[in-house]
Amino acid sequence: MPLELTFVPGTMCDRRLWAPVWRALDAPIADGRMAPRYIAVETRLTREAIRAAFDEAAERGPLNLIGFSMGGYLSLEYALDHPERVASLIVVCSSSYGLSEAEKAERAKVVAFLETHAYRGISTSRLNLFVHPGKQADTEVTDTIRAMDRDLGQPVLLAQMRETTRRASLTERLGALTCPTLLIGADEDRLVRWDHIAEMHARLPHSRLEQAHAAGHMLPLEQPDWLAARIADFHGLG
């Protein structure tokens with residue numbers, strides 16, 4: 001039986017976020033050692049529905065979760081709440097600390113705007129916050145971000161801003177997590193602080209830590225081969 005790895009996207013992302021990583025994992029997929037699964041949180045517009053999506057995925061058996069950004073927080077939260085349903089965890093560019101007060105205030109502004117105005121898509125300045133300067137001219141990266149943003153659109157953005165901003169800090173609970181865990185960050189991520197990820201590693205009894213270099217927040221798109229290699233090594237698929 002192949003090892004099933006269950007991937008979870010971030011805000012305004014869908015399975016296109018992970019497609020380059022899956023292509024880089026082509027060898028273990030092709031020879032039947034690994035099977036990618038996906039939790040489509042972008043189709044669930046409430047926190048209750050998102051939790052239900054994790055529960056549905058876990059009906060197949062304990063999950064090997066790989067979550068990015070918002071999806072990393074949701075995956076970590078699920079592992080803490082339901083340790084019997086999670087066999088392993090990889091958290092990519094995400095923090096257990098939840099959102100800062102500044103981030104919450106900014107999201108409140110976005111919600112207020114979206115409730116009264118039409119959404120015209122992600123701006124270049126906003127996109128550049130997520131992407132390393134060395135990748136901002138890479139249309140394979142930026143076009144994918146814009147396409148996901150355009151196709152998911154205002155309803156999904158508004159729902160995700162409303163439903164996933166309330167993120168309590170999970171940091172004090174980390175010592176209770178017993179499954180093997182890999183924490184991955186990027187050295188030039190402008191959204192998630194590296195020292196927060198390093199602190200998570202210090203608190204987690206069964207964790208490994210990896211840092212991507214010359215990389216921004218959108219690591220699965222920016223450096224899919226590097227990320228796939230870390231995933232393969234963690235799961236013994238190399």
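Tutor: Start with H3 and H4, which are roughly perpendicular to each other (angles of 65 to 115 degrees; under 35 is roughly parallel, over 145 roughly antiparallel, the rest oblique). This is a predicted model, where local features need pLDDT of at least 70, side-chain atom pairs need 80 or more, and totals for chains, interfaces and linings use all residues. Residues are numbered from 1 along each chain as its sequence is written, and side-chain values use heavy atoms, without hydrogens or water.

Now place the pair. H3 covers residues 47-58 and H4 covers residues 70-81 (DSSP runs numbered from the N terminus: helices H or I, at least four residues; strands E, at least two). Their axes come within 11 Å and cross at roughly 65 degrees (lines fitted to C-alpha atoms over the stretch in contact, with angles from 0 to 180 degrees between N-to-C directions). H3 passes H4 in a right-handed crossing (near helix turned clockwise from the far one by less than a right angle; left-handed if anticlockwise).

Who touches whom? On H3, look for Arg47, Ile50, Arg51, Phe54, Asp55 and Ala58. On H4, the contact uses Tyr73, Leu74, Ser75, Glu77 and Tyr78 (heavy atoms within 4.5 Å). Sorted by class, this contact has 6 nonpolar, 1 polar and 4 charged residues (charged: Asp, Glu, Lys, Arg; nonpolar: Ala, Val, Leu, Ile, Met, Phe, Trp, Tyr, Cys, Pro; polar: the others, Gly among them).

Next, H5 and H7. H5 spans 101-114, and H7 spans residues 139-163. Their axes come within 9 Å. They cross at roughly 140 degrees, so H5 and H7 are oblique to each other. H5 passes H7 in a left-handed crossing. From H5 come Arg107, Val110, Val111 and Leu114. They meet Gln154, Leu157, Leu158, Gln160, Met161 and Arg162 of H7. By class, that contact has 6 nonpolar, 2 polar and 2 charged residues.

Phi of Cys93 is near 50 degrees, a positive value in a residue other than glycine. Cys93 counts as buried because its relative accessibility is 0% (buried is under 20% relative accessible area, exposed over 50%, partly exposed in between; 1.4 Å probe, protein chains only).

Ala214 is partly exposed, with a relative accessible area of 43%.
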